[in-house]
Amino acid sequence: MNFHDGSWIYEKLNEHFEYAKQFYDEKQIIGIFLRGSQNYGMNDENSDVDSMLLLAPSIEDICRGRRLESTTIIMPNDEHIDVKDIRWMREQILKQSPQFMECLMTPYSIVPDRFFDQWMQFISHKHYYFNYDKKKMLK
């Protein structure tokens, strides 16, 4: 059972979201997702909150072939925001990456209105991402 309740977790996640907007254009932010012990009911009074920020590349990034964004923002309170480009997702599905799968499964996320419908449609198929046919996926 989580030491902190869901409202506390959402408050912390919102702090991460607001902090990340200092570094990235809000129009690029697909969402921010909880990572770590709170997802498993294993946090305690000393647990911090870590998150993953998912970004949409700009048209310019795509056209110029700019590499995928992957970095970590360390907040003043030493909590971490892992930053990932959405183009990274396909590779992570193929690898069955626990880090990515956690992002899909967490009940704690903030997705801006501009991406909400697309994100909900994407995660409505999440069971396929866990049990995919590699040969069909690569086509």
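1. Lys95 has its place in helix H3, residues 89–95. Helices here are DSSP runs of H or I with at least four residues, strands are runs of E with at least two, and both are numbered from the N terminus. This is a predicted model: local features need pLDDT of at least 70, side-chain atom pairs count only at pLDDT 80 or more, and totals for chains, interfaces and linings use all residues. Residues are numbered from 1 along each chain as its sequence is written, and side-chain values use heavy atoms, without hydrogens and water.

2. Is Lys95 buried or exposed? Lys95 is exposed, because its relative accessible area is 52% (exposed is over 50%, buried under 20%, partly exposed in between, with a 1.4 Å probe and protein chains only). Lys95 and Phe130 are 35 residues apart in sequence, and their C-alpha atoms are 10.0 Å apart in space.

3. Now take another lysine. Lys12 lies in helix H1, residues 6–20. Lys12 counts as buried, because its relative accessibility is 12%. Beyond its neighbours within four places in sequence, Lys12 is in contact (heavy atoms within 4.5 Å) with Val49, Asn77 and Glu79. The side chains of Lys12 and Glu79 are also joined by a polar contact of 3.5 Å. A polar contact is a pair of N or O atoms within 3.5 Å; within protein, one must be able to donate a hydrogen and the other to accept it, and residues adjacent in sequence count only if both atoms are side-chain atoms.

4. Next, the sheet. Five strands form an open sheet with mixed pairing, in the order S3-S4-S2-S1-S5. Strands S3 (70–74) and S5 (109–110) are at the edges with a single partner strand each, so one side of each has no neighbour in the sheet. H1 packs on this sheet and touches S1, S2 (50–55), S3, S4 (80–85) and S5. The direction of H1 makes about 140 degrees with that of S1 (axes are lines fitted to C-alpha atoms, for helices over the stretch in contact, and angles run from 0 to 180 degrees between N-to-C directions).

5. How do the strands pair? Pairing needs at least two DSSP bridges between two strands. S1 (residues 29–35) and S5 are antiparallel, with two bridges. Ile32 stands opposite Ile110 in S5. S2 and S4 run parallel and are joined by five bridges. Leu53 has Val83 in S4 as its bridge partner.

6. S4 is largely enclosed by the rest of the structure, because five of its six residues are buried. S3 and S4 form a hairpin with five residues between them. In the turn, Asp78 has a positive phi of about 75 degrees.
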